[in-house]
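Please look over the sequence and the model below before reading on.

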Amino acid sequence: LTKLGITAIELLPVQAFVDDRFLVERGLKNYWGYMSYGFFAPDPRYLSGGDIAEFQQMVARFHSAGIEVILDVVYNHTAEGDQMGPTLCLKGFDNASYYRLAGDRRYYQDDTGCGNSLNLDHPFTLRLVMDSLRYWVQVMRVDGFRFDLASTLARTSGSFTRDAPFLRAVRQDPVLNKVKLIAEPWDVGPGGYQLGAYPAPFSEWNDRYRDQVRRFWKGDAGMVPKLSSRAAGSSVRFDHDGRRATSSINFLTSHDGFTLMDTVSYNSKHNEANGEENRDGHDHNFSDNCGIEGATDDAQILARRARRRRNMMATLMLSQGTPMILAGDELGNSQGGNNNAYCQDMPIDWGGRDIELEDHVAALSRYRAERLSDFLSFPEDGRWLSLGGEPLGDGEWQDPATAGFVHEYDTER
């Protein structure tokens, strides 16, 4: 991590969680942890001896290496599920206060796709979440949070609002407004997609960056203006209310979806091991297998994939915004085309380590550390050049046949 110049790690959920009933019935387990039921305790399966001091020691070790620790937290729903789910925690205390209920109050309002939605309009629910967040900062010493399905947290009377009680509470809290705050700016409810709508100091996962960079490098037509906007920090969405270019969390891959290696190795998902007849997971991956589906010994295909991974990593590391790398992408890690591996134990394959790609990412990280984070405009800032080295003309911006460009920027700026 220090070789790569990593400044923060983001852990998938560590708060106590359960395995989904339907997974247990199939003999599978939940390896991602998005079924929390205890907001104040690390999950016991991550402790070797059962002492929470182990978590504190881990954080201290990262801090000693100059690396911050960010937690992915799930306050949008709990593991209690819908009206047919178990009673584990909040249902038994005060179901009608902790959850948003439907018109027929036997049922739950489900904007999360997980059976229920926490009701952060209620002061006691809001207090529970705020106390939990402060606990992880003040007692466990973490440096920030990534809020899963944050649009659910920002719903008031069922509708998203950027001035919701939760967002106001966090922004004014003297403990929490000093740590890293990252929103996953969507949920599955009506009006849930809110990329760019969150107030400072929140940063946001930018899925438009992921999709459009993938489409550019797989050769889709008309992607030059879109890529230039993403490389310039997606300023149309994020440059407001005093937000910085670091507000856009740029990523090519995350836990949810293909790894970088699989993005250049598979045209289709291969999730059969999940036991849902390959119906689960995204169908729109914007991936390209470079000529052969899956693993191959073809030297030309392997060289093409390696080059594209380097190109995509260079795009990520040299774009305005905050780059996020999925662990293992810098090593060429594959999940065999599974783009929804939440119920699969798939550790990183250190034996297949791609040292050339790892060194490439480390060099990009060193170079990036010298750059500033001001927003760049599209296409006014700097000079945007064609692959032939000439200024890109107005017609070329919109020409679907334009396959690439070079951005020359002022390093003194």
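**A helix and a sheet in a predicted model**

Lys-226 counts as partly exposed because its relative accessibility is 39%, where partly exposed lies between buried (under 20% relative accessible area) and exposed (over 50%), with a 1.4 Å probe and protein chains only. This is a predicted model, in which local features need pLDDT of at least 70 and side-chain atom pairs count only at pLDDT 80 or more, while totals for chains, interfaces and linings use all residues. Residues are numbered from 1 along each chain as its sequence is written, and side-chain values use heavy atoms, with hydrogens and water left out.

**Helix α8**

- Lys-226 lies in helix α8, which covers residues 224-231; helices (H or I, at least four residues) and strands (E, at least two) are DSSP runs numbered from the N terminus.
- Helix α8 is mostly covered, with 6 of its 8 residues buried, and these are Val-224, Pro-225, Leu-227, Ser-228, Ser-229 and Arg-230.
- Just after α8, Gly-233 takes a positive phi of about 90 degrees.
- Between the C-alpha atoms of Lys-226 and Val-69, which are 157 residues apart along the chain, the separation is 32 Å.

**Arg-230**

- Arg-230, also in helix α8, is buried yet has no salt bridge, and the nearest side chain of opposite charge, that of Asp-207, is 8.5 Å away.
- A salt bridge here is a side-chain nitrogen of Lys or Arg within 4 Å of a carboxyl oxygen of Asp or Glu, and in assigning charge Lys and Arg count as positive and Asp and Glu as negative, while His and the chain ends are not counted.
- The side chains of Arg-230 and Gln-212 are joined by a polar contact of 2.6 Å, that is, a pair of N or O atoms within 3.5 Å of which, within protein, one must be able to donate a hydrogen and the other to accept it, with residues adjacent in sequence counting only if both atoms are side-chain atoms.
- Leaving aside residues up to four places away in sequence, Arg-230 touches Arg-208, Tyr-209, Gln-212, Ser-319 and Gln-320, where contact means heavy atoms within 4.5 Å.

**The sheet**

- An open sheet with parallel pairing is formed by 7 strands in the order β1-β4-β5-β8-β9-β10-β11, and two strands pair if DSSP finds at least two bridges between them.
- Strands β1 (8-11) and β11 (322-324) stand at the edges with a single partner strand each, so one side of each is left without a neighbour in the sheet.
- Strand β8 (residues 180-183) pairs with strand β9 (residues 203-206) in the parallel sense over 2 bridges, and Ile-182 stands opposite Ser-203 in β9.
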